[in-house]
Protein chains: 2
Amino acid sequence: MAVRTDIEIARAAEKRPIPEIAAKLDIPEAALIPHGRDKAKIEADFLAGLRDRPMGRLILVTAVNPTPAGEGKTTTTVGLGDALAHLGHRAAICLREASLGPNFGMKGGAAGGGLSQVLPMEDINLHFTGDFHAITAAHNLLAAMIDNHLHWGNALQIDPRRIVWRRVMDMNDRALREVVVGLGGAANGVPRQTGFDITVASEVMACLCLAEDLADLQDRLGRIVVAYRADKTAVTCRELGADGAMVVLLKDALQPNLVQTIAHTPAFVHGGPFANIAHGCNSVIATKTALRLADYVVTEAGFGADLGAEKFFDIKCRKAGLAPAAAVIVATVRAMKMHGGVAREDLGREDVGAVQRGCANLARHIANTRGFGVPVVVAINAFDADTPAEVAAIVDAAAGLGVSAIPCRHWSEGGPGAADLARKVVELCDTDSRFAPLYPDDIGLFDKIETIARRIYHAEAVTADKAVLAQLAAWEAAGHGSLPICMAKTQYSFSADPALRGAPTGHVIPLREVRLAAGAGFVVAICGEIMTMPGLPRHPAAETIRLDAAGEIQGLF
Amino acid sequence: MAVRTDIEIARAAEKRPIPEIAAKLDIPEAALIPHGRDKAKIEADFLAGLRDRPMGRLILVTAVNPTPAGEGKTTTTVGLGDALAHLGHRAAICLREASLGPNFGMKGGAAGGGLSQVLPMEDINLHFTGDFHAITAAHNLLAAMIDNHLHWGNALQIDPRRIVWRRVMDMNDRALREVVVGLGGAANGVPRQTGFDITVASEVMACLCLAEDLADLQDRLGRIVVAYRADKTAVTCRELGADGAMVVLLKDALQPNLVQTIAHTPAFVHGGPFANIAHGCNSVIATKTALRLADYVVTEAGFGADLGAEKFFDIKCRKAGLAPAAAVIVATVRAMKMHGGVAREDLGREDVGAVQRGCANLARHIANTRGFGVPVVVAINAFDADTPAEVAAIVDAAAGLGVSAIPCRHWSEGGPGAADLARKVVELCDTDSRFAPLYPDDIGLFDKIETIARRIYHAEAVTADKAVLAQLAAWEAAGHGSLPICMAKTQYSFSADPALRGAPTGHVIPLREVRLAAGAGFVVAICGEIMTMPGLPRHPAAETIRLDAAGEIQGLF
């Protein structure tokens, strides 16, 4: 039998009307703002009325350091949510929205896979409910107001060479990385060098994803530092008077989106900040809405646990007052083999010894996650090429640490394929989670970076130029010292070197650059090359994407 | 009693559920794609099923050359639609969507006024159903693919100095008018000068508004000329392989949007091409859908009749096979006074003589419109400052040409205030309209431009550089000679000089530049300074736009 593709499975799936999905969480139809028949936003007024409700259990799905193909974190998040529902629990799922631009580069899709998908996957991967377009507009309005301010006399005395607010576009477009604007004479403003990032890298995105409500969103937007004066003092969005108009552009986007899985489990898909220069998880509003309406809420964080889980705990949970009840670490036989030293082209061959060696990577993620006081279970996301002995090697390695590692077949079987995982998660949720962030608010910014590097990455040291240290000190002096750190480094290794697999020690983390996200509320620590505007490949997927004679999309997934 | 603002009237208006509005045109609920409870798209499948239905009567609302404040064309379109419904006719309205960007410059709003508005006016003026964002994305995907093509070896041998496809953003941002992209070294592509236009100026917008269906849209997009080679041969969107992916981005946007007026008359608000470098009317799909579902369809075209009506007739009606049954020319006392030589600051003072003199402008628009074989009525859009003698002067001037000029109070009274106008329109629709475009397809491109200039503008001549004439000849040789002309000139005068009011003769039209819109299917003739990316004023509206404590938008309208 031919294996069906994700898109074929998604198209064949029967969708229930979205009010029926909402009813599973007692969301009345009057609280839904429909977007088509299979997507809805939840009205802000209804959300406000939930504020005093008790919260369900929050389960984070994270992963080992992945192979370039990914280990199935979104698929496992969906599968676990479906499994909990399958066992009769009141469950909900929280995911990030997909970025549109990258779909036209490589064949893409960010809505899970196999029988563990959220629907309608085509819409979710295209314009969805327009949230990212609203973020793009709000971001670029602020940019236009900065250049307009320069044009009309620059009353705020912005140093045109020290404007840190770039523009954004939800597109892979390398030619926009570095541009000069304002050319063509005095009528076109002040010439200066700047550039574009992809929309998911916008601080507006991070603000929206961390905001509790519209008022909080406006506060955050107002605090964004857009430029500096010659005397190095900061100029904020609020000083330009842009925060109010930006909130008007974002008022609908702040309302979370409700969709369904193939098994009709409610899924909130809302917000999608970059996992490198931002914190990489869906909106606080979606997570809290889900927690107030469901007993179990399964969510994910971008990249491996060294980045994703750490930022989920130290930024999102710390700031939103969330206490995760359990964490699932997704591991695969192929990722363990890779960490055990097997080359990419040999991953298909059985190699139990390599799996055993590679489990050092898993073991460190387990220890790190437990270090946050959160109980852990390992989900072994099954692939056809896995052998029983290889799977057993992971189970044994986890057992040696007192942790269950449970083979899961949700990709091919849907929720029932992750029922054992779901039972274990329920059990863990009843144990005593004692979540605490890794570091306190009141140590120095560089101390925080060192703490993450030593305790999570097991690095020997963090190196940084004097200029970087001086910048951190300046921000501390300006009152930003209590912010948490948002680490930006490769997702493929605990170190800053993507080729350094397994569980390296003795490595050094080079802190190259720091950026202030005063609106989002964190300081970005950039360790290595970080790309904030992707390019298209030689033959972009866009060349073959089209509608077929039946009006269905070909080439996108 | 305090006069209520447009936004106060709109907010106080009771909206009916959109399926109830659709039912007035026998659109079943199953054919609606809801966007909230008060907006819906009409499904493509339902539209396809209408194809063989007979069409109702198409009524164009156009205007004299306007004052900078506008003469109320949209308001009259809405008022006339409501009046026809009020008289018991099955009526529908077709309008353009509003551009988002300009709202943050000047206080704006493009959804009619007073009691003649379409709802929800805030949504219509902001993101609405996302159509413009989809157009922005499709346009910029093509731009990214062009620069990507240069980066990966330029197999099509595009001359980087002859790329005519710019990028777009739905924002007033003068600093983006002229930019250099691709800076920062080889990894960021090929440096070159280009720029951004506002989204409504995108040829993708014009393509979408002239397309009959998705297949036609893809054909049009494929034909877009994006660049030239060193040998001056054209490179098209299809050669870059972008047309399929662009259609995927636009498939939802091509479906027309249904909303309602304050009086619950169905209104299709769909597409919004610039009225200068494009043809300035709503989508062909919306117009044809409305005509197949209603007996009377009222629509508008941008700017005064010299530009708007001419392009409506010679581009939209010619290409879509539409035959308008009647035209309404909106005139105001203040516009007639202005054309009669009164300065802007004196427009409030009675001046019957000036009105009489100014009616020369109206008279020429009447004659021009009749020249297309379309019966005409004049709507005198009433303002409080108008005196009976001034109104009578317009009525008399029109009567002298055998045309009715009917005072209308739809702004303050809604549909009933335009009932007399509606009765006259119904009467005209029963007379014999013998619509024909101004010029045939098969004369030369410059001949077409001269024909418009002489017959519509009453100009003595058209001047053009040899280079411009050579360009037109080259396009004729390349097979584009049968395209109609899209004139781009000031809307304030029949001439190319905005200060030349009334009905000037003997003037010369300077043809400065020509542009090929091979996808949309016209050649743009630029006569004068045309701005395709507006800037923000010294104090943009964005500085005061915000949500108030009740969550309502302040400062936008």
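What is the mean pLDDT of chain A, and what share of its residues reach 70 or more? This is a predicted model, so I checked that before anything else. I found a mean pLDDT of 96 for chain A, with 99% of its residues at 70 or more. For the model I noted an ipTM of 0.96 and a pTM of 0.97.

Next, the two copies. I superposed chain A on chain B with a rotation of 180° and 0.0 Å of shift along its axis, at an RMSD of 0.0 Å. The two copies are therefore related as by a two-fold rotation axis. Both copies use the same surface: 98% of the contact residues of chain A recur in chain B.

Then I turned to a sheet in chain B. Its three strands run in the order β21-β24-β23 (chain B), as an open sheet with mixed pairing. I marked β21 (485-488) and β23 (513-517) of chain B as the edge strands, each pairing on one side only. Neighbouring strands here are turned by 20° against each other on average, direction ignored.

I followed one pairing further. β23(B) and β24 (residues 522-526) of chain B are antiparallel, with five bridges. Val514(B) sits opposite Ala525(B) of β24(B).

Last, I asked which helices meet this sheet. Helix α19 (residues 466-480) of chain B packs on the sheet and touches β23 and β24 of chain B, its direction making about 20° with that of β23(B). Helix α18 (residues 445-455) of chain B lies across β21 and β24 of chain B, at about 50° to β21(B).

Note on methods
Residues are numbered from 1 along each chain as its sequence is written. Chains are lettered from A and ligands numbered from 1 in the order in which they are written. This is a predicted model: local features need pLDDT of at least 70, side-chain atom pairs count only at pLDDT 80 or more; totals for chains, interfaces and linings use all residues. Side-chain values use heavy atoms; hydrogens and water are left out. Copies are superposed by least squares on the C-alpha atoms of residues with pLDDT of at least 70 in both. Contact means heavy atoms within 4.5 Å. pLDDT is the predictor's confidence in each residue, from 0 to 100. Two strands pair if DSSP finds at least two bridges between them. Helices (H or I, at least four residues) and strands (E, at least two) are DSSP runs, numbered from the N terminus. Axes are lines fitted to C-alpha atoms, for helices over the stretch in contact, and angles run from 0 to 180 degrees between N-to-C directions.
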